[in-house]
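I opened the model to look up confidence, the chain contact, helix packing and a few backbone angles. My entries are below.

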Amino acid sequence: MASTEQQSVESIEEKLDNSKISEEENLEQYLTFLMAEEEYGVDILSVQEIRGWESVTPVPNSPKHVKGVINLRGTIVPIIDLRAKFNLDAIDYGPLTVVIVLKVALGTVERVMGIVVDAVSDVYGLSLEDMQTAPDLGDHINTNYIQGLAGVDEKMIVVLDIDALLANDMRSQAANVSVH
Amino acid sequence: MSIDLSQFHQIFYEESFEGLDSMESCLLEIDCDDADLESINTIFRAAHSIKGSSGTFGFADVADFTHVLETLLDQVRDGSRKLQPDHVDLLLQSVDCLRAMLGQLQAGETVTTGHSTELIAAFNAILDGKEPVSGAASITEGTSDTGASGSDGGSGDSSADEDVSEGESTWQIHFIPDVNVLRTGNEPVRMFRELQELGTLSVTAILENVPGFGAIHPEECHLGWDLILDTTASRAVIEEVFEWVVDESVLAIDELAGMFAPLDETPDGTQSQSPTVADVVIEEQSGEVVAETSSATVQPMITTEAVKEESSPGGKAKTKAVEATSIRVGTDKIDSLVNLVGELVITQSMLGQLGEEFDMSHVAKLQEGLAQLEHNTRELQESVMRIRMLPISFSFSRFPRMVRDLSKQLEKKIDLVLIGEQTELDKTVMEKIGDPLVHLVRNSLDHGLEKPAERIAAGKSDTGTVTLNAFHQGGNIIIEITDDGAGLNKDKIRKKAVENGLVGEKEALSDDQINDLIFKPGFSTADSVTDVSGRGVGMDVVRRNIQELNGTIEVRSEEGKGSVFTIRLPLTLAILDGQLIQLGEQKYIIPLVSIVESLQPELDDINHVAGGCDVFRLRDDYIPIIKLWEIFSVEPVTTDLTKSLLVVLESGSEKVALVVDDLLGQQQVVIKSMESNYKKVEGVSGATILGDGTVSLILDISDMVRMAGVFHKDSKVVQMKDRHKAA
């Protein structure tokens, strides 16, 4: 009797293992958006919501790409202009301009930030194998925040590592503590 | 059916800690020559009820220990024994020890009994009529490191003592419960959890007796278990887990030889021995580290993993987290809340009725209703905030004991005076102000007050006085720590500051500026590092902690007469009265408490000082003008000062005038953190959400003043020049 029970446990474990494998085979979903005719992707699990552009409260003495803060249902959320962050030419915000609200992990803490992009494009399933690592662009260009490049229907999508991209904007500068 | 006692554990801990607190305060007040029967009774009752309830909950270590305490107290109470100062000391140490034991229990750790066993022995010696002459010394030493005895485990049960082994041992437990074990309300899983708390547990189920599926009854248990437990606990402790089921079950508990049982089977016996020794050594070392940290309270907790895992500070931190979850609220506060909510409901139904058949003739009624709603909301808000308020005695209560201990250690005679203990303060502020206060009081005792001989030589009474005074002033709570000691030695501070390069050798400094130097990082003038203070981590940390609470700290001192440290804190962190101001297109909030007055300046009153700094003559004072558009790089409506408004602000003891475009309304704002999703922004203490849903930033006045650089002599000129160039 005991042996049958052990067997059933084993079979369940086997199924679990199988499901893990099939999960790996599953494609990961990425939300893509447009910016200066290029398509960028972010892991859809880190996207909290997508909002239209609304006016923000500027933060004094912040870097140029930090547009300001908004009130997102009672919490203060910083908004970052990705065009400015990538040193692209600024454009006027139009009706298609959207803010993608992302959950960003900084160490063990999770923070909420918004990025301003030209328009939201699509959701694709990409497998990690399809993704190529970003080419080395020399010393001058930092590719840390590019998770990889993926091709979909003749297009190239730059998949961004959101945590690496935005972590610097959330860290308080230690230099603030000035010693006279 | 047994009742799940664990649901009462939290209450037990709270009551016991309260009991210990009252024991401690009574012990501190007691006068041995003329012992007040009432206080002795209070101490006795507290000990008795801790003994009773810990017995009920099965915490035998605590119960046994308190039993000895109680025996002594009983003799004192019926007059058959006279209370000696030694006894009071011993009792105070026992209070500490009990607190540590209960803390460990609360954190779900194994109780360490090394200290309590020592104390029990000392008590027994007294009870047997032998005064513990030699014992007392060793025990006094023991007090500083309660919990250092992390390496010896087991229970204080004298019968179990022989089973106590150094370090961990491995137990093999073979457990087949009766088929009806679940019906009797004994859940094996719970026992295993209990075992898990004792150490590392691995469980293997024995399935041999499980019948066919059709024959299984859901309330019957056919399983058995083989358990391997690595623990420091003794056999008695393990047996206790199975106490309720042992009669009906097959139970065998065997000790496997030592911690490295598998290794012992190999012929190389030496190898298996040496790691065990090393392990014990490491544990002892971590115990020492603990002792050190606890004596240096304000220093950040050492985060060595060994310390965290093995010994009590980790447990203490956990305990704190658990404590923070509950708060005791007076019934009067609750009653007033219930009343207010009732009123709110009435107002709401009135407005609802009005809305159903509304026409313009009802406008006056609507306005009245809304006014009432506003009134209700505000009162409700105030009452809710009041729930978080606790009298500052919670923070002050630790000082009598501390002063008593330190006065012995430092060989000084000290009187502690507490004033305004009933002043209420927000719970979060209270929690964060504790450590800075301890540090300041320690400093006053160690550096401030002189030794009796020096005091007499200086013509003062040999007993020094430290006064803690708390009171409300405006929207702030003020805590003053006053000592009548030597005061700050200005020459010494100056010399030290010059050595450290904090000030130039020939720089002219006012007395206040010199005193302020002690708050600079890395500044300590103590000639030698003592146990109490002088480690150089100190006043800067105190100031930073206080600034984090939006508070300020200042020191006034007169050499030979003493010093006064004044801490100014906001009553609450969540809400503030703000003045909305306009600058260009932006709206900012200035905390109303820092505004002195607002006015339109005349051209004659504005002077340009060389270097580009503008000053404004306010009656007889010249105060520097801070242009917000310069420090925040915002486009203002006008840069013509005569067309803008000046808001005179108070930052610390200095005044500044802030130029703004317009003053808007005053309102209460809820403070939202910028740091939760972004980072600290210079000059901004937080943000709030205005009525229209937009975000407005709250100005941090002292930070802004620092940014403008008006009070920093060397940096001022350069910074202002730069800004002018930029503008």
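**Conventions.** I number residues from 1 along each chain as its sequence is written, with chains lettered from A and ligands numbered from 1 in the order in which they are written. The model is predicted, and I note that local features need pLDDT of at least 70, that side-chain atom pairs count only at pLDDT 80 or more, and that totals for chains, interfaces and linings use all residues.

**Confidence, chain A.** I looked up pLDDT, the predictor's confidence in each residue, from 0 to 100. Chain A averages 78, and 77% of the residues score at least 70. The pLDDT is below 50 over residues 1-5 of chain A, a stretch with eight contacts in the model beyond near neighbours in sequence. It is also below 50 over residues 173-180 of chain A, where I find five such contacts beyond near neighbours in sequence. For a contact I take two residues whose C-beta atoms, placed from the backbone, lie within 7 Å.

**Fold, chain A.** I count elements as DSSP runs numbered from the N terminus, with helices being H or I of at least four residues and strands E of at least two. Chain A has three helices and 10 strands. From the N terminus their order is α-β-β-β-β-β-α-β-β-β-β-β-α. Of the contacts in chain A between residues at least 6 apart in sequence, 52% join residues at least 24 apart. I also checked burial (buried: 20 or more other C-beta atoms within 10 Å of a residue's own; exposed: 12 or fewer; partly exposed: in between; C-beta atoms placed from the backbone). Buried residues are 26% of the 180 in chain A.

**Contact of chain A with chain B.** Chain A gives 25 residues and chain B gives 30 residues. On the side of chain A, α1 (2-25), β4 (66-72), β5 (75-81) and β7 (109-117) each give two or more residues. β5(A) gives the most, with four residues. I sorted residues by class (nonpolar: Ala, Val, Leu, Ile, Met, Phe, Trp, Tyr, Cys and Pro; charged: Asp, Glu, Lys and Arg; polar: the others, Gly among them). The side of chain A that touches chain B has 14 nonpolar, eight polar and three charged residues.

**Helix pair α3 and α5, chain B.** I took axes as lines fitted to C-alpha atoms over the stretch in contact, with angles from 0 to 180 degrees between N-to-C directions. Helix α3 (residues 60-77) and helix α5 (residues 114-127) of chain B pack at about 25°, with axes 10 Å apart. The contacting residues include Phe65(B) and Leu69(B) of α3(B) and Ile120(B) and Phe123(B) of α5(B). By class, this contact has eight nonpolar, three polar and one charged.

**Helix pair α1 and α16, chain B.** Helix α1 (residues 9-29) and helix α16 (residues 399-410) of chain B pack at about 50°, with axes 10 Å apart. Glu24(B), Ser25(B) and Leu28(B) in α1(B) meet Pro400(B), Arg401(B) and Arg404(B) in α16(B). I list two nonpolar, one polar and three charged residues there.

**Positive phi.** Glu37(A), a residue other than glycine, has a positive phi near 65°. Glu37(A) sits in the loop between β1 (28-35) and β2 (38-43) of chain A. Glu37(A) is exposed, with 6 other C-beta atoms within 10 Å. Glu411(B), also not glycine, has a positive phi near 55°. I place Glu411(B) in the loop between α16 and β6 (413-419) of chain B. Glu411(B) counts as exposed, with 9 C-beta neighbours inside 10 Å.
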